[in-house]
Amino acid sequence: MLRYLVTLQAMDREGLVEQIAHAVSRHGGNWLDSELRHIDGIFAAILLLEVPSAHWDELVESLECLEGVALTYAKTKKATNEDIHLSYSLVAYDRPGLVHEISNKISALGINIEHMSTRYESASHTGIALFRAEFDLGLKDASHEDKLTEALHAIGDDVVLDNVST
């Protein structure tokens, strides 16, 4: 069995996930992990699949035949990561460059962003534009947690940061 990270993008339509799942199943694949999103009428998917090597090319061909689907993939291997995993929620007033500021602060400490989900929303009581992010991080050194908190709060007085690790 080979492991592949597959990304798919297409105009969103009803039944698309079922078509993808059917193709994976029909070619003996195992759907291990995924992120599926609908953003501004576009469907985007990131899938981690395990597929018998004899069926990989056939699966790619099936996925490429789905109407309007753009596909990329890369062979992976099972991670053996010893990092400390932490999860955070951050809210701040929306402004250009905020993702760059956040990622720069995290990267400067040698911390890996393993997952990040962001969204724009309006505060219900004021209508002020808010940026909200949830992210999972992999730290090699537990002592960086306090430095990270300090660095993210330094972005601005409007930053609200919660460690939501379980």
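A residue is taken as buried under 20% relative accessible area, as exposed over 50%, and as partly exposed in between. By this criterion R119 is partly exposed in the predicted model, with a relative accessible area of 39%. The side chain of R119 meets that of E121 in a salt bridge with an N to O distance of 3.3 Å, and E121, at 23% relative accessibility, likewise counts as partly exposed. A further salt bridge, at 3.2 Å from N to O, joins R119 to E134. Because E134 belongs to strand β7 and R119 to strand β6, this pair ties together parts that are 15 residues apart in sequence. E134 is partly exposed at 26% relative accessibility, and salt bridges with shared partners join R119, E121, R132 and E134 into one network. Over the whole structure, 7 salt bridges are found; one of them links the side chains of E101 and R95 at 4.0 Å from N to O, where E101 is partly exposed at 28% relative accessibility and R95 is partly exposed at 26%.

The strands that carry R119 and E134 also pair with each other: β6, spanning residues 112-122, and β7, spanning residues 129-139, run in the antiparallel sense and are joined by 10 bridges. S122 has A129 of β7 as its bridge partner. In the hairpin that these two strands form, 6 residues lie between the strands, and G127 adopts a positive phi near 80°.

Both strands belong to an open sheet of 4 strands, ordered β6-β7-β5-β8 and paired in the antiparallel sense. Its edges are formed by β6 and β8, each of which pairs on one side only, and neighbouring strands are turned against each other by 15° on average when direction is ignored. The antiparallel pairing of β5 with β8 extends over 4 bridges, and Y88 stands opposite N163 of β8. Helix α3 lies across β5, β6 and β7, and its direction is at about 20° to that of β7.

Helix α4, which comprises residues 144-153, has H144, L148, A151 and L152 as its buried residues. These four cover an arc of only 95° around the axis, and they are therefore on the same side of α4. They pack against strand β5 (84-93), helix α3 (98-108), strand β7 and strand β8 (160-163), whereas the face turned away from the buried side carries the exposed residues D146 and E150.

In α1, which comprises residues 16-26, the buried residues are L16, I20, A23 and V24. Seen down the helix axis they fall within an arc of 100°, so they line one face of α1. The elements that cover these buried residues include β1 (2-11), β2 (30-39), β3 (42-51) and α2 (56-64), while E18 and S25 are exposed on the face of α1 turned away from its buried side.

Positive phi values also occur around these elements. Just after α1, G28 has a positive phi of about 75°. D40, placed in the loop between β2 and β3, has a phi near 50°, a positive value in a residue other than glycine. Most residues other than glycine have a negative phi. D40 counts as exposed, at 80% relative accessibility.

Turning to the aromatic side chains, the structure holds 4 aromatic pairs. In one of these, the ring centres of Y4 and Y73 are 6.1 Å apart and the ring planes stand at 80°, so the pair is edge-to-face. Since Y4 lies in strand β1 and Y73 in strand β4 (residues 70-76), the pair ties together parts that are 69 residues apart in sequence. The two residues fall into separate accessibility classes, as Y4 is buried with a relative accessible area of 8%, whereas Y73 is partly exposed at 42% relative accessibility. The rings of W56 and Y73 have centres 5.0 Å apart and planes at 80°, so that this pair, too, is edge-to-face. The latter pair links distant parts of the chain, with W56 in helix α2 and Y73 in strand β4, 17 residues apart. W56 is buried, with a relative accessible area of 5%. Through these ring pairs, Y4, W56 and Y73 are linked into a cluster.

Notes: Residues numbered from 1 in each chain as written. Predicted model: local features only at pLDDT ≥ 70, side-chain atom pairs only at ≥ 80, totals over all residues. Heavy atoms only, no water. Pairing = 2+ DSSP bridges. Buried < 20%, exposed > 50% of the residue type's maximum accessible area, 1.4 Å probe, protein only. Arc of directions from axis to C-beta. Contact = heavy atoms within 4.5 Å. Phe/Tyr/Trp six-rings, centres within 6.5 Å; stacked < 30°, edge-to-face > 60°. Axes fitted to C-alpha atoms, helices over the stretch in contact; angles between N-to-C directions.
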